[in-house]
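Please read these notes with the model open beside you.

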Amino acid sequence: DGGITQSPKYLFRKEGQNVTLSCEQNLNHDAMYWYRQDPGQGLRLIYYSQIVNDFQKGDIAEGYSVSREKKESFPLTVTSAQKNPTAFYLCASNRLGQGFRNTEAFFGQGTRLTVV
Amino acid sequence: QKEVEQDPGPLSVPEGAIVSLNCTYSNSAFQYFMWYRQYSRKGPELLMYTYSSGNKEDGRFTAQVDKSSKYISLFIRDSQPSDSATYLCAMNAGSNDYKLSFGAGTTVTVRA
């Protein structure tokens with residue numbers, strides 16, 4: 001089955017610690033995205049990547065870093081510089097190009113990060 | 001002002017009622033419009049996908065887009081308790097812009 005796999009489902013971080021969230025897709029999609037979801041605020045874009053070895057900051061990139069070494073993988077690191085990291089993190093992907101429904105985004109099941 | 005506005009609710013309706021959800025937006029370049037359904041602690045899943053203005057129906061769900069008013073709607077007929085979820089509108093301009101702009105999401109509860 002094609003889809004997006006996020007791991008782990010739950011993650012606990014100590015103060016001052018960096019943690020990495022995994023996102024893998026087997027949909028052969030070009031573009032991948034990381035969103036943060038907080039209650040009542042909808043989805044906010046952290047980083048996105050349209051091709052391998054290239055990525056752009058979204059609206060709330062401070063305190064986060066990403067890499068895109070493979071088309072299938074787009075890991076997100078939450079660094080100690082992110083002061084309020086407790087949230088639900090969602091990874092998504094879509095195709096590029098001029099086809100109908102290419103803009104449709106598919107989502108993973110999310111990672112819930114809690115600072116302890 | 002946010003690019004996409006959506007009333008977060010919550011919205012509570014009895015089983016069998018019609019649920020009406022809507023979003024407004026400010027970017028006139030948007031031409032692809034989506035509704036996602038998100039169950040608690042899960043990732044969003046695509047419910048409806050429409051292009052430009054008009055209506056689209058899929059079973060109990062109807063999506064409407066009015067680009068002249070920058071207003072989109074989702075209607076759920078004969079609502080069921082299994083429809084209880086958060087509904088997110090999303091949109092983008094297509095072409096070279098593949099990022100989605102999301103509304104805040106409306107939480108809906110259908111009471112049995």
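1. In this predicted model, 29 residues of chain A are in contact with 23 residues of chain B, contact meaning heavy atoms within 4.5 Å. Local features need pLDDT of at least 70, side-chain atom pairs count only at pLDDT 80 or more, and totals for chains, interfaces and linings use all residues. Residues are numbered from 1 along each chain as its sequence is written, chains are lettered from A in the order in which they are written, and side-chain values use heavy atoms, with hydrogens and water left out.

2. Together the two chains bury about 2,100 Å², 56% of it on carbon and sulfur atoms. Buried area is the accessible area (1.4 Å probe) lost when two parts are put together, summed over both.

3. Between chain A and chain B there are 0 salt bridges (a side-chain nitrogen of Lys or Arg within 4 Å of a carboxyl oxygen of Asp or Glu).

4. Tyr35(A) is buried, at 1% relative accessible area, and Phe107(A) is also buried, at 9% (buried is under 20%, with a 1.4 Å probe and protein chains only).

5. Tyr35(A) and Phe102(B) form an edge-to-face aromatic pair, 5.4 Å centre to centre with 80° between the planes (rings of Phe, Tyr and Trp, its six-membered ring, pair with centres within 6.5 Å; planes under 30 degrees apart are stacked, over 60 edge-to-face, the rest tilted). Tyr35(A) lies in strand β4 of chain A and Phe102(B) in strand β10 of chain B, so the pair joins two chains (strands are DSSP runs of E, at least two residues, numbered from the N terminus).

Definitions and conventions:
Buried means under 20% relative accessible area, exposed over 50%, partly exposed in between (1.4 Å probe, protein chains only). Helices (H or I, at least four residues) and strands (E, at least two) are DSSP runs, numbered from the N terminus.
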